[in-house]
Amino acid sequence: MRAALLWTVNVFPARSSLSGWSGQGYRACPTCNEDTPSMRVIGKTAYFGHRRFLATNHHWRSNLQFDGRTERKRPPRRFSTIDILEQLRCVKTGIPGKHPNYGGVKRKRGDDELNWRKKSIFYELPYWATIELKHNLDVMHIEKNVCDSLLGTLLADPHKSKDTDNARRDLAKLGIRHELHLFEDGNKLMKPAADYTFSEANRRKFCRFIRAVKFPDGFASNMSKKVAQNDSRLLGLKSHDCHVIMQRLLPVGCRSLVTKNIWSTIVELCTFFKQLCASTVNVSDMVEAQKQLVLILCKLERIFPPAFFDIMIHLVLHFPEEAILGGPVHMRWMYPFERYLKRLKDYVRNAAKPEGSIAEGYVVDEALTFCSRYFDDVETRFNRPDRNDDGMHPTRQLSVFESQCKPLGKQSYVELDNNDRDKAEFYILNNSPELEPYLK
């Protein structure tokens with residue numbers, strides 16, 4: 001039997017360790033490589049400047065509202081597998097960490113090494129150099145980080161908001177959006193309210209909307225537990241919670257709370273994630289989504305400050321290309337692995353010896369699963385009723401009245417007017433096979 005390594009799926013820091021391309025610095029994007037759009041802002045590196053991906057004659061390239069200057073750089077190059085091998089030939093094999101050979105400090109990379117820290121061990125496989133999609137960007141964690149950035153900034157969360165004082169100072173340094181600059185009022189430093197943050201009343205409306213939403217059983221977790229008691233922010237969001245909020249709740253919840261251009265841009269971004277996470281992916285749709293994503297990111301650059309654009313926001317731009325190469329994301333994200341790791345962690349009963357606990361728990365689970373297939377008079381995972389079993393359905397004379405579920409709550413009576421009664425009779429007469437002999 002032979003096995004082949006098709007690709008890897010990791011969070012972005014682990015991807016950097018496996019691929020050898022550092023995910024930090026001005027060239028953090030492994031796809032854009034040395035053409036990564038980035039700039040230095042106060043205290044961090046912002047991956048800002050997506051106008052570079054537009055056509056050279058696009059009118060937004062000469063617009064000064066983005067960063068106070070025109071964009072004249074050409075779109076980033078597409079690096080082939082041969083180009084990557086040429087770059088790896090310049091990577092020097094060194095001793096990791098601080099070493100006396102380097103004067104007791106870490107060895108600095110040369111300019112020809114770009115962001116390469118090492119040549120991955122996977123290149124020892126004879127076919128690895130020819131694979132175009134070697135390391136997948138994890139949609140699960142990137143979507144969560146994008147959702148956290150959006151929600152933290154919209155809700156003005158003091159711990160997660162990207163709209164900090166330094167972000168406003170960046171705007172003053174670039175000479176754009178003067179209405180958002182910090183100003184002094186006596187001895188106080190004042191920060192004007194921005195259009196992309198909810199007011200206090202709208203913040204409570206959005207949190208109450210999240211608290212009141214109801215989903216089918218098993219669709220999502222209890223969102224009401226994620227809302228703070230004072231209805232000011234969301235707490236403890238897991239990856240799947242962010243997945244549901246991005247694709248289901250955020251487009252609806254923020255519609256009347258921000259201006260139309262901000263809401264429409266957020267809806268376009270959420271719609272892309274919903275399209276990307278579909279069970280089937282059309283190549284032509286992904287090609288069109290690639291063009292629309294460039295416009296969406298440019299619109300976001302006109303709304304949010306440069307500090308909002310960390311590497312996770314930029315990596316969204318490369319999802320359509322990876323979907324074309326690798327197919328639907330449900331085969332290339334971390335959800336099944338994270339759930340299985342959670343299952344293994346639940347086996348641990350002795351924290352001092354976790355490996356032995358996992359091995360013992362796995363063997364016990366396999367043995368019980370095997371034995372439970374032969375038990376007919378004992379309730380097991382294979383013969384127990386569903387959690388929401390509706391029981392026996394009442395028998396009706398007409399099939400159109402057959403109920404597939406049981407009603408919940410108190411019964412209420414509704415009196416139909418003549419128009420609604422005619423519609424109901426028309427529907428019954430045309431959808432009941434039992435009445436066909438009489439209609440003929």
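In which loop is Arg27 found? Arg27 sits in the loop between helix H1 (12–19) and strand S2 (39–41). Helices (H or I, at least four residues) and strands (E, at least two) are DSSP runs, numbered from the N terminus.

The model is predicted, so local features need pLDDT of at least 70 and side-chain atom pairs count only at pLDDT 80 or more, while totals for chains, interfaces and linings use all residues. Residues are numbered from 1 along each chain as its sequence is written, and side-chain values use heavy atoms, with hydrogens and water left out.

**Charged patches**

Arg27 belongs to a patch of positive charge on the surface, together with Lys98, Lys106, Arg109, Arg117 and Lys118. A patch takes residues with over 30% relative accessible area and no salt bridge, and joins like charges within 9 Å. A salt bridge is a side-chain nitrogen of Lys or Arg within 4 Å of a carboxyl oxygen of Asp or Glu.

A negative surface patch is made up of Glu415, Asp417, Asp420 and Asp422. Of these residues, Asp417 lies in the loop between helix H12 (354–372) and helix H13 (418–431).

Arg27 counts as partly exposed because its relative accessibility is 31%. Asp417 is also placed in that class, at 43%. The classes are buried (under 20% relative accessible area), exposed (over 50%) and partly exposed (in between), with a 1.4 Å probe and protein chains only.

| Residue | Phi | Loop |
|---|---|---|
| Ala156 | about 55° | between helix H3 (139–154) and helix H4 (165–174) |

Leu114 is buried, at 11% relative accessibility, whereas Ala156 is partly exposed, at 35%.

**Aromatic pairs**

The structure holds 13 aromatic pairs. In one of them, Phe215 and Phe219 are stacked, at 5.2 Å centre to centre and 25° between the planes. Rings of Phe, Tyr and Trp (its six-membered ring) pair if their centres lie within 6.5 Å; planes under 30 degrees apart count as stacked, over 60 as edge-to-face and the rest as tilted. Phe215 counts as partly exposed, at 25% relative accessibility, and Phe219 is partly exposed too, with a relative accessible area of 32%.

Which residues do ring pairs link into a cluster? The cluster consists of Phe48, Tyr196, Phe304, Phe308 and Phe309.

Conventions:
Patches are made of residues with over 30% relative accessible area and no salt bridge: like charges are joined within 9 Å, nonpolar side chains (Val, Leu, Ile, Met, Phe, Trp, Tyr) within 5 Å. Accessible areas come from the Shrake-Rupley method with a 1.4 Å probe; for residues, only the protein chains shown count as cover. Lys and Arg count as positive and Asp and Glu as negative; His and the chain ends are not counted. The place of a charge is taken as NZ of Lys, CZ of Arg, CG of Asp or CD of Glu.
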